[in-house]
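Here are my notes for you to read with the model open beside them. Take the points in order, and find each residue on screen as you go.

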Amino acid sequence: KVLIGDEPGPGMENLLEVTVPEELEQQLQRLDREEEERWRREEEEQRDEEKERRAAQGSTPHPEEPPR
């Protein structure tokens, strides 16, 4: 079944195109940068742990995978 409602009110025609307040935009950008930095640190820590594990096992490390 399909529910058909009233016509959208003014400014509600396309909810994909909204005006984001400048303060909120800056906050979202800051949070994105923080998340990306956290992700990079975690990736680096995982690589370091893998290198240490291989060194402890005495095996030669495999070449790093190219960045995606």
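**Notes on a predicted model**

1. Let us start with one pair of residues. Glutamate 50 and arginine 54 are separated by about one helical turn, because they sit four residues apart in helix 1. Please keep in mind as you look that this is a predicted model.

2. What does glutamate 50 form with arginine 54? The two are joined by a salt bridge, and their closest N and O atoms are 3.1 Å apart. Glutamate 50 itself is partly exposed, since its relative accessible area is 25% and buried would mean under 20%.

3. Now move to another pair, arginine 30 and glutamate 34. Their closest N and O atoms lie 3.0 Å apart, and the two residues form a salt bridge. Both belong to helix 1, where they are four residues apart, about one turn of the helix. Arginine 30 counts as partly exposed, with 36% relative accessibility, and glutamate 34 is partly exposed too, at 37%.

4. Next, look at arginine 40 and glutamate 36. Here a salt bridge brings the closest N and O atoms to 2.4 Å apart. These residues are also in helix 1, and they are four residues apart, about one turn of the helix. Arginine 40 has a relative accessible area of 45%, so it is partly exposed. Glutamate 36 is partly exposed as well, at 41%. For the model as a whole, the count of salt bridges comes to five.

5. How many helices and strands does the chain have? The secondary structure comes to one helix and zero strands. Helix 1 runs over residues 22–57. You can check its length yourself: at 1.5 Å a residue, its 36 residues should span 52 Å, and the end C-alpha atoms are 53 Å apart, which agrees. After the helix comes glycine 58, whose phi is positive, near 80°.

6. What share of the chain's residues is buried? Buried residues make up 0% of the 68 residues. The accessible surface of the chain is about 7,300 Å², and carbon and sulfur atoms account for 50% of that.

7. Finally, look for a patch of another kind. Val18, Val20, Leu24, Leu28 and Leu31 form a nonpolar patch on the surface, and together they have about 390 Å² of accessible area. Where does valine 20 lie relative to helix 1? Valine 20 is in the segment before the helix. With a relative accessible area of 36%, valine 20 is partly exposed.

Terms used: Residues numbered from 1 in each chain as written. Predicted model: local features only at pLDDT ≥ 70, side-chain atom pairs only at ≥ 80, totals over all residues. Heavy atoms only, no water. Helix = DSSP H or I, 4+ residues; strand = E, 2+ residues; numbered from the N terminus. Buried < 20%, exposed > 50% of the residue type's maximum accessible area, 1.4 Å probe, protein only. Areas by Shrake-Rupley, 256 points an atom, 1.4 Å probe, with all protein chains shown as cover. Salt bridge = Lys/Arg side-chain N within 4 Å of Asp/Glu carboxyl O. Patch = residues over 30% accessible without salt bridge, like charges linked within 9 Å, V, L, I, M, F, W, Y side chains within 5 Å. Expected span 1.5 Å × (residues − 1).
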